[in-house]
Amino acid sequence: MKTFSIGGLHLPENKLTAGQPVERLPLPAEVTLLLSQHIGAPARPIVKKGDTVMRGQLVAEPSGALSSAIHSPVCGTVSRIDTVKTPQGLSAEAIIIKTDESRPDALCSLSPCSDVVEATRAAGIVGMGGAAFPTPVKLTPPADTQPDTLIINAAECEPFLTCDHALMLADPDGVISGIRLIMQATGVNHCVIAIESNKPDAIKLLRRLTASIPGIEVMIMQPRYPQGGEKQLTEAVTGRMIASGKLPAAAGVIVHNVATARAIHRAVTLGEPLIERIVTVTGPALSRPGNYLAAIGTPLRTLIEAAGGLPENTGKVIIGGPMMGRAAATIDSFTVKGMSGILVLPSDLSSRQPEEPCIRCGRCVSACPMGLEPYLLSTYSRMNMTDEAIDALVANCIECGSCSYVCPSWRPLTDFIRIGKQRAISVLKSRKQS
Amino acid sequence: MWNVALALLPATAVALWQFGIGAAIVLTASIAGCMAVEYIINRFMLRRRFTLANGSAFLTGLLLALNLPSNLPVWTVLIGCIAAIGIGKMAFGGLGCNIFNPALVGRVFLLLSFPMLMTSWPLPAENIWNYTDATTGATILSILKSDPAAASSVGMTAELTGATGGSMGETGAVAILLGFIWLLWRRVISWHIPVSIIASVAILTAITGGNIAVELTAGGLLLGAVFMATDYVTSPMTHKGMIIYGLIIGIITVVIRRWGAYPEGVSFAILLGNGVTPLINLWCKPRRYGETGKRRAVA
């Protein structure tokens, strides 16, 4: 079994919802589509208040090369375009559509398109592993690179999350079809589906279905966090490292999440834009944790209700997994394309211990998958020493949270490094301009 | 911290078994003294919050005691506590900020200030009920210093079980190794520092024609390699750095034992190793992901 070579942790898996089938939720009475739910410029609305829209109809178009289209997941009427809260508690523009119960649930298909990249752009597909990077950009690697391997990221190394696992079991044919489309679009003829060994049923199923397809192999990975990180997975699968500041294509690889591959299949073969996704709603105190297929823009409350309602002792709701996810400032928000999970943690599991002094035990250094020195970076950040932090490669941090997890003094290393990284990046940008 | 204290249990038991009442008095004085000094400095000088609960002062006191002869008067022990916690730790800013191992700062301070008291070693077993009036004798290393040929007369059983003269925690090799196994098993420390110290001492002893078994089991080598040199705060962060640090300590130990003025040099070697640790940390960076070649330093 392969894994990456620098740092990393073996975490308790806590996959409470592993093996649970995907359950489709009824369409919500109202969907709220955030205009900025991807990396890049926010989408530009092309509908106005009072417009009737079909399920699958384009409601906001990309406003630049690095942006993404947004489609309505329901048939209904645009009730308003308004400022709402993101799960992080920030204000953001959104299109709010009231679902029309009386109208048939017909899909307004995308116009047929044989070009995979164009179809992906028209369908508004973004990376579904969490980063939400516009997929068409990743499907067109720079001309000076020659990718030879497509890696399908099905590691799902985050504890608690099982949405990719459930997806592979529910629609393996869709995944494989999507893979073939990506291979066709990028001209890469070798694909590795990387799955951690804790999902033996998915490994077996995909092995059986890909046995007769040349060029596609299923690779079993040793469970290790953060294996699903693009850089770590690339090194684990191919042994090559992506030079810092470079794209994976520079190392000859293209990495896509398994759910993204399936979304590409739905867009190209069925003409269905990205209007729904599987969200793992989980937590030790929930009565019905599960993998729910929900329309993009579904209120978080609806999903938590479906999973049995918010337990009384809830301390934190985390959007994403426990390691990379961010605590929600409000649950009066809505799902987005890159949201893989909602984790409801009781207060005893989510409270922070008061921090103790750093004793330089070096556990953060051993755990860091980027080979950085988190104890040093977080101190630089606290002391506002941006130049030193840049020299110590703070910009390479992938914010995986491993350092905070292993720290015996409960120091919030990742939080401070994140602040220092943002400062460093803005300094580096202004330096580039001058 | 408490895991390390637990790992010191066998060595402490050997100390009590071999040196009796004296060991009990020195242990109590040292632990109480270190905790009191930390409390007083925190409360009245730095006005910081209470820090004794993290176990660091307790451990410093325990380690200091195990590095002292069991017939040391209480007032001397207390001076050692003030040097260890006050100068060795709190003067630098408390836990995590010190450059030198506090317990060794205390021990070396006493060794340089009270050389007579610190080098009269009670004979084991026969002094269970004696404290400062214990009968004393020379340690193997001081015998070897004056007569290198005496190595053949050393009884290895005594060396392994602790039935020999020396600082009260350093004599029982088996007990210290038990602690080492516990620390490795609980992943409190990695093997790198102890193994590189012990290996470099063994190799250098072999080259210079010494008796490897005696050099390894005698004096503070094992206690130092397992418990003192591995102190997180004062040792390097990366495995590569740890090995270099271990080599430095091993080499200096052998040099002092063979050619220096003192029969034993582990304490000095570790303190010198502590001193170069910041440099080692600067030099031995972890293996970076995706970085090739040297980066231009930002002016």
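In what order do the three strands of the open sheet in chain A lie, and is their pairing parallel or antiparallel?

The model is predicted: local features need pLDDT of at least 70, side-chain atom pairs count only at pLDDT 80 or more, and totals for chains, interfaces and linings use all residues. Residues are numbered from 1 along each chain as its sequence is written, while chains are lettered from A and ligands numbered from 1 in the order in which they are written.

**Chain A as a whole**

Select chain A. It contains 14 helices and 17 strands; helices (H or I, at least four residues) and strands (E, at least two) are DSSP runs, numbered from the N terminus. The C-alpha trace spans about 65 × 50 × 50 Å along its principal axes. A compact globule of 434 residues would have a radius of gyration near 22 Å, and the 21 Å of chain A agrees with this. That radius is taken over C-alpha atoms, and the globule rule is 2.2 Å times the number of residues to the power 0.38. Of the 434 residues, 53% count as buried, that is, 20 or more other C-beta atoms, placed from the backbone, lie within 10 Å of the residue's own.

**Helix H7 of chain A**

Next, select residues 258-270 of chain A, which form helix H7. Because 11 of the 13 residues are buried, H7(A) is largely enclosed by the rest of the structure. Among the buried residues are A:Val258, A:Arg262, A:His265 and A:Val268. After the helix comes A:Gly271, with a positive phi near 70°.

**The open sheet**

Now display strands S3, S5 and S6 of chain A: their order is S3-S5-S6, and the pairing is antiparallel. Strands S3 (44-45) and S6 (70-71) are the edge strands, each pairing on one side only. S5 (residues 58-61) is joined to S3(A) by two bridges; two strands pair if DSSP finds at least two bridges between them. To locate one bridge, select A:Arg44, whose partner in S5(A) is A:Glu61.

**Helix H2 of chain B**

Finally, select residues 9-46 of chain B, helix H2. A straight helix of 38 residues would span 56 Å, but the end C-alpha atoms of H2(B) span only 32 Å. Centre the view on B:Phe19, where there is a kink of about 130°; the bend is the angle between axes fitted to the seven residues ending there and the seven starting there. Just after the helix, B:Arg47 takes a positive phi of about 50°.

Conventions. Expected span 1.5 Å × (residues − 1). Buried ≥ 20, exposed ≤ 12 C-beta atoms within 10 Å, placed from the backbone.
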